[in-house]
Amino acid sequence: HVGGAIIWLGSSFLMQMLFYRAKATANFALVEGMSMNTQWLAQRVFIPTSFAVLVLGILLTIEGPWSFDMLWIVLALIAFATTFALGIGVIEPEGKKLGAASAQGPEHPEVVWRSRRMDALMKLDLVLLWVVVLDMTVKPTGDDVVALVIMAGALLLAGGYAVNVLRAPGPAAAAAPSPAASSAD
């Protein structure tokens, strides 16, 4: 369980650092390579290790001194479901779209827009995984207000940032004439 969590978190952290490095150094080949390998990594690292963490966590709960009604276990299961859905339902498809758009070149508006979206999604997922680590190590109860506030605050900040980036109009919307301008003609 712990080994799987380390691999899952470590892989996510490494992806975020490589993505940051690629953007900071304008290494378009690295961004394109990461985007093209998103599906490969998801199938061979993220999905198997996340399922291992889930199954082993469930077995540990069944065999250990814990129960499924403990707050920290409930939070961990919700976080697992969220990060799994985010990865498969949003990050992987966005990585494919970024990879496909990459053929247009690193400065193309769609590539820049998709790159920002991917960065925000990866940051949200990474914060979610760190919250799970805090949850697993602190094992908060309803009385552990500080830990719960820290976890909620981190998720609200990362989620707010991601929503802000994801709501930004794409290059096609920015290039389209506004309805007011069209009616003035």
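# Helix packing and aromatic pairs

W8 is buried, with a relative accessible area of 9%. Buried means under 20%, exposed over 50%, and partly exposed in between (1.4 Å probe, protein chains only).

The model is predicted: local features need pLDDT of at least 70, side-chain atom pairs count only at pLDDT 80 or more, and totals for chains, interfaces and linings use all residues. Residues are numbered from 1 along each chain as its sequence is written, and side-chain values use heavy atoms, with hydrogens and water left out.

**Exercise 1. Find the aromatic pairs in the whole structure, and describe the one formed by W8 and F80.**

Step 1. Rings of Phe, Tyr and Trp (its six-membered ring) pair if their centres lie within 6.5 Å; planes under 30 degrees apart are stacked, over 60 edge-to-face, and the rest tilted.

Step 2. W8 sits in helix α1 and F80 in helix α4 (residues 71–101), 72 residues apart, and the pair links distant parts of the chain. Helices here are DSSP runs (H or I, at least four residues), as are strands (E, at least two), numbered from the N terminus.

Step 3. Check accessibility. F80 is buried at 12% relative accessible area.

Step 4. Take a second pair. W66 and W72 are also edge-to-face, at 5.9 Å centre to centre and 90 degrees between the planes. W66 is partly exposed at 30%, whereas W72 is buried at 8%.

Step 5. Extend to clusters. W8, F51, F80 and F84 form one aromatic cluster.

**Exercise 2. Work out how helices α1 and α5 pack.**

Step 1. Get the geometry. Axes are lines fitted to C-alpha atoms, for helices over the stretch in contact, and angles run from 0 to 180 degrees between N-to-C directions. The axes of α1 (residues 2–24) and α5 (residues 109–138) come within 10 Å and cross at roughly 150 degrees.

Step 2. Classify the angle. That makes α1 roughly antiparallel to α5. The classes are roughly parallel under 35 degrees, roughly antiparallel over 145, roughly perpendicular from 65 to 115, and oblique for the rest.

Step 3. Assign handedness. The crossing is left-handed: the near helix is turned anticlockwise from the far one by less than a right angle.

Step 4. List the contacts (heavy atoms within 4.5 Å). On the α1 side they include W8, F13 and F19; on the α5 side, M118, L126 and W130 are among them.

Step 5. Sort by class. The contact has eleven nonpolar, three polar and four charged residues. Nonpolar covers Ala, Val, Leu, Ile, Met, Phe, Trp, Tyr, Cys and Pro; charged covers Asp, Glu, Lys and Arg; the others, Gly among them, are polar.

**Exercise 3. Inspect K139 for backbone and setting.**

Step 1. Locate the residue. K139 lies in the loop between α5 and α6 (145–167).

Step 2. Read the phi. K139 has a positive phi of about 50 degrees, although it is not a glycine. Most residues other than glycine have a negative phi.

Step 3. K139 is partly exposed at 33%.
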